[in-house]
Structure formats: structure tokens, C-alpha cells
Amino acid sequence: MSLDLWWGSGSPYSWRALLALEYKQLPYVSHQVQFAKQEHKSAQMLSMNPRGRVPVLKDGEYVCFESLAILQYLDRKYPQHPLFGGSAEETGTINRVICEYEWYAEDHIQKLIYAILFQGVDGHMEEIERAMSHMLAEARTIEKRLSSSAWLVGENLSAADIVVFPGIQMLLRALERREAQELRSRLLPLEANFPAIAAWLKRVEQIPGYEKTYPPHWRE
Ligand SMILES: N[C@@H](CCC(=O)N[C@@H](CS)C(=O)NCC(=O)O)C(=O)O
């Protein structure tokens, strides 16, 4: 086995791949690409992923990109510490929760992050309000699931937790910005408004190797 992962700091999709590798306790060579230097668009990167995006996983001669595909590949190839459940029903539910997140929550989370970090909230309040209310509805669904279970699906961490976790962390980080002052109070403090999500975030942070997955530039 010779695993290589190319990833970028602060990329939620890269974070998924890093979490999966650490959770499965697989040894890998880590290649952090610098977005600012356009390293993800180098000839070497484009030869592996013509879209010039990270994460990219290489296992021997096999190359895989798209974070969800990487999780599925790793789970099939290296079944220890399974990510997609132990039964057909669990696999179905894990994939369902992932699809629900990607279809009904992710777009709104991205819209909020983009508005706060890049576009600015002034003049865009109507679309931000819309994204906020969709995001809050999805957060309530997730809160409900986590109120009766430690993990999003089943008895253990799964791909569902790994897919959802980085998106929520990105949003929480964006909400720390001064520009997000008004929006912040709808979600925060998380411990008061969404206590089960707050406890779950701490649980994910306990997985061995978590520290190695934390976006390095967030520590600066
Ligand atoms: N659907 C892809 C998304 C990958 C993606 O968009 N990665 C971003 C970083 S978060 C990227 O590499 N962006 C560089 C670019 O678009 O130029 C996945 O799940 O892996």
C-alpha cells in the first residue's frame, strides 16, 4: 500500500479525505498544496485531476478525486474501521444522510460562507436570509438526529459524520468574522441553540489523528 493525498488547508472536501485516512489509521504521504501559489493547477495536479481541484488520492497507480469517491474507495479497499456501515440498511441510511446534506444544506452553507468571506453581506440580505433559514431548518434536522444518537447514523462514526463535519466547521469559522455579527446570533452559542450538534463536534474532534486534519492556517 502506498497512499498519497494532495489537499488544501481550509478545503472542506480535503478535510473529509484527511479525516477518513486518520479514522481508518492508514499511513499516507501528505502533500499540502498552496492555493495562493496555484499549486493545485500545476501540470502534475492536472494530470491527476483535470479539474484542478483537491483532494486527490493516489494509491499506487490508481488515482481518485472527488471527496465522496475517495471515501468510498478507501472503505472498499481498506475495510477496517468502516465508514459506510455494517449492514445494507446502515449503508443505505449513511448514503441517504449524505445526499440530504449535499442536496438540502451544503449549497446554503456555501452561500453564507461566500457572502461573509468574499461578497460582503451588505446589499445581499434577502438571499442571505433565505440561505440562513434553509440552513437553520437543516441544522434542526441534524440536531434531532444527534439528540438520540452519538453519531449521525449507527453506533460509530461514519462517512455521514465525515461529510457533514467540515462544512459546519467552515460555517462556524466564517460566523466568527465581524461582518457576520448579525447572523451569528441565529446559530450561536451552539451549546445553547444546538446542544447535540455542539457535543457531536467535540466527539468528532476526539478521533485519533484529528489534530493532523485541522486546517493549518486556522491556527495562525
Ligand atoms: N466536489 C469536489 C469539490 C472539490 C473542490 O471544489 N475543492 C476546492 C477546494 S474546497 C478546490 O480545489 N478549488 C480549487 C479551484 O476551484 O480552483 C469534492 O468533493 O472533492
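Me: Into which domains is the protein divided?
Reply: The model is predicted. An automatic or database assignment sets the domain bounds. The protein is divided into domain 1 (3–81) and domain 2 (88–210).

Me: How many residues does the contact take from domain 1, and how many from domain 2?
Reply: The C-alpha centres of domain 1 and domain 2 lie 22 Å apart. Heavy atoms within 4.5 Å count as contact. On that rule, the contact takes 13 residues from domain 1 and 20 residues from domain 2.

Me: What area is buried between domain 1 and domain 2?
Reply: Carbon and sulfur atoms give 69% of the area buried between the two domains. The whole buried area is about 1400 Å².

Me: How many salt bridges does the rule find across the interface of domain 1 and domain 2?
Reply: The rule asks for a side-chain nitrogen of Lys or Arg within 4 Å of a carboxyl oxygen of Asp or Glu. Arg16 and Glu102 form a salt bridge through their side chains, at 3.1 Å from N to O. Across the interface of domain 1 and domain 2, the count is two.

Me: Where does the largest pocket lie?
Reply: The largest pocket holds about 1200 Å³ of space. Its lining has 45 residues, and the closest to its centre are Gly10, Ser11, Pro12, Tyr13 and Met170. Both domains give residues to this lining, so the pocket lies between domain 1 and domain 2.

Me: Which element gives the largest share of the lining of the largest pocket?
Reply: Elements that give two or more residues include α1 (12–23), β2 (29–33) and α7. By class, the lining has 22 nonpolar, 12 polar and 11 charged residues. The largest share is seven residues, and it comes from α5.

Me: Which element gives the most to the lining of the second largest pocket?
Reply: The second largest pocket has about 150 Å³ of space. Two or more of its lining residues come from each of α7, α9 (190–193) and α10 (195–205). The top contribution is four residues, from α10.

Me: How many residues of the lining of the largest cavity are charged?
Reply: The search of the whole structure finds one cavity of 30 Å³ or more. The largest cavity has a volume of about 120 Å³. Glu138 is among its lining residues, and Glu counts as charged. The lining divides into 11 nonpolar, no polar and, for charged residues, one.

Me: Which element supplies the largest share of the lining of the largest cavity?
Reply: α6 (125–147) and α7 (159–175) each supply at least two residues. The largest share is four residues, and it comes from α6.

Methods:
Residues are numbered from 1 along each chain as its sequence is written. This is a predicted model: local features need pLDDT of at least 70, side-chain atom pairs count only at pLDDT 80 or more; totals for chains, interfaces and linings use all residues. Side-chain values use heavy atoms; hydrogens and water are left out. On a 1 Å grid over the protein atoms alone, a cavity is a set of points where a 1.4 Å probe fits but cannot get out, and a pocket is an open set with protein on both sides within 12 Å along at least five of seven lines; lining residues have an atom within 4 Å of a point. Grid points are joined across faces, edges and corners, and a volume is the space filled by probe spheres set on the points. Buried area is the accessible area (1.4 Å probe) that two parts lose on being put together, summed over both.
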